[in-house]
Amino acid sequence: MLKALRSWREQRAVERHAIPDALWQLTLLRYPFLAQRSVDDLVELRRLSSLFLASKEFHGVDGFEVTDEVAVAVAAQACLPVLRLGLSWYDSFVGIVMHAGEVVAQRTYQDEDGVVHEYDEELAGEAMEGGPLMLAWNAVAVSDDPAEFGADAVFNVVIHEFAHVIDMRDGLADGVPPLDPDARERWISVIDAEWEGFCKRIDAGEATLIDPYGGEAVEEFFAVAVEAFFVAPAAMRAEEPAMYALLAGFFGQDPAP
Ligand SMILES: [Zn+2]
């Protein structure tokens with residue numbers, strides 16, 4: 001009975017937030033890594049995107065207008081990682097704050113001698129535990145066609161920030177999503193080894209498909225690896241097979257053609 005009620009409610013939400021054909025096609029055109037998915041995957045992605053739009057609240061900052069085009073671009077990319085896991089992975093927050101461009105955040109850090117330094121950091125997005133999630137539209141809008149990357153690393157801010165949300169579901173941003181104890185132990189041994197190898201390649205000046213920003217911390221390595229997994233899966237599998245297999249198992253998806 002409860003299950004029937006839930007599916008009836010979901011169906012109503014999907015109908016109320018149905019994405020028009022023209023807008024859906026435009027979104028697939030803009031993000032070719034979405035378009036290359038199977039027909040079945042795209043039907044489910046469109047359904048989840050409608051549920052996402054029904055359950056999240058967008059706020060434009062400084063006059064930025066969150067049009068349907070903007071909201072659907074975010075929803076479709078955000079829902080790809082949870083295509084098999086389900087939208088409940090994003091239950092910890094409701095608000096999505098959208099800026100037109102990158103946000104300058106003032107940061108401070110204390111060095112080994114106790115001296116406090118101040119610096120500005122430009123943010124394309126930010127995920128905080130308990131939300132809201134922040135995104136800069138100019139970074140979201142950047143075309144993410146792997147064919148255009150050349151020697152550059154993959155960049156996808158929406159998938160990056162939602163990967164952090166998935167990681168932080170257990171309250172910790174540590175590159176380890178919630179897992180049962182055995183799987184958790186295995187996960188840590190794989191990701192630690194892969195991260196170490198990745199950092200060595202970055203230090204050696206090697207060009208990598210995964211954003212070198214992943215060298216900052218293991219939780220950032222997780223987020224940039226998830227970006228590459230969904231945006232350029234075949235290249236990711238070739239370059240980081242162990243990391244690809246780890247993510248394929250967790251997300252229940254094997255997107256490389
Ligand atoms: Zn990050």
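How many bridges join β1 to β2, and do the two strands run parallel or antiparallel? Four bridges join them, and the strands run parallel. The views below come from a predicted model.

**View 1. The open sheet of four strands.** The strand order is β1-β2-β6-β5. Pairing is mixed. β1 (57-60) and β5 are the edge strands, each pairing on one side only. From one strand to the next, the twist averages 20 degrees.

**View 2. β1 beside β2.** The two strands run parallel and are joined by four bridges. F58 has I96 in β2 as its bridge partner.

**View 3. β2 beside β6.** Strand β2 covers residues 95-99. Four bridges join β2 to β6, and the pair runs parallel. Opposite H99 stands A136 of β6.

**View 4. The hairpin of β5 and β6.** Strand β5 spans residues 125-127. β5 runs antiparallel to β6, with three bridges between them. E126 has M134 in β6 as its bridge partner. Five residues lie between the two strands. In the turn, G130 has a positive phi of about 85 degrees.

**View 5. Side chains of β6 (residues 133-136).** L133 and L135 point one way from the strand. M134 and A136 point the other way. All of these residues are buried.

**View 6. Helix α7 on the sheet.** α7 (157-167) lies across β2, β5 and β6. The helix runs at about 170 degrees to β6.

**View 7. Helix α5 packed on α7.** Two packed helices are described by the angle between their axes and the distance between the axes. Helix α5 covers residues 68-79. Here the angle is about 55 degrees, and the axes lie 9 Å apart. That angle makes α5 oblique to α7. Their crossing is right-handed. V74, Q77 and A78 in α5 meet V158, I159 and F162 in α7. By class, this contact has five nonpolar residues, one polar residue and no charged residues.

**View 8. Helix α11 (residues 241-251) and its cover.** Buried residues in α11 are M243, Y244, L246, L247, A248, F250 and F251. What covers them includes α7, α8 (181-203), α9 (218-231) and α10 (233-239). G252 follows the helix. The phi of G252 is positive, near 65 degrees.

Methods:
Residues are numbered from 1 along each chain as its sequence is written. This is a predicted model: local features need pLDDT of at least 70, side-chain atom pairs count only at pLDDT 80 or more; totals for chains, interfaces and linings use all residues. Side-chain values use heavy atoms; hydrogens and water are left out. Buried means under 20% relative accessible area, exposed over 50%, partly exposed in between (1.4 Å probe, protein chains only). Contact means heavy atoms within 4.5 Å. Axes are lines fitted to C-alpha atoms, for helices over the stretch in contact, and angles run from 0 to 180 degrees between N-to-C directions. Angles under 35 degrees count as roughly parallel, over 145 as roughly antiparallel, 65 to 115 as roughly perpendicular and the rest as oblique. A crossing is left-handed if the near helix is turned anticlockwise from the far one by less than a right angle, and right-handed if clockwise. Ala, Val, Leu, Ile, Met, Phe, Trp, Tyr, Cys and Pro count as nonpolar, Asp, Glu, Lys and Arg as charged, and the others, Gly among them, as polar. Two strands pair if DSSP finds at least two bridges between them.
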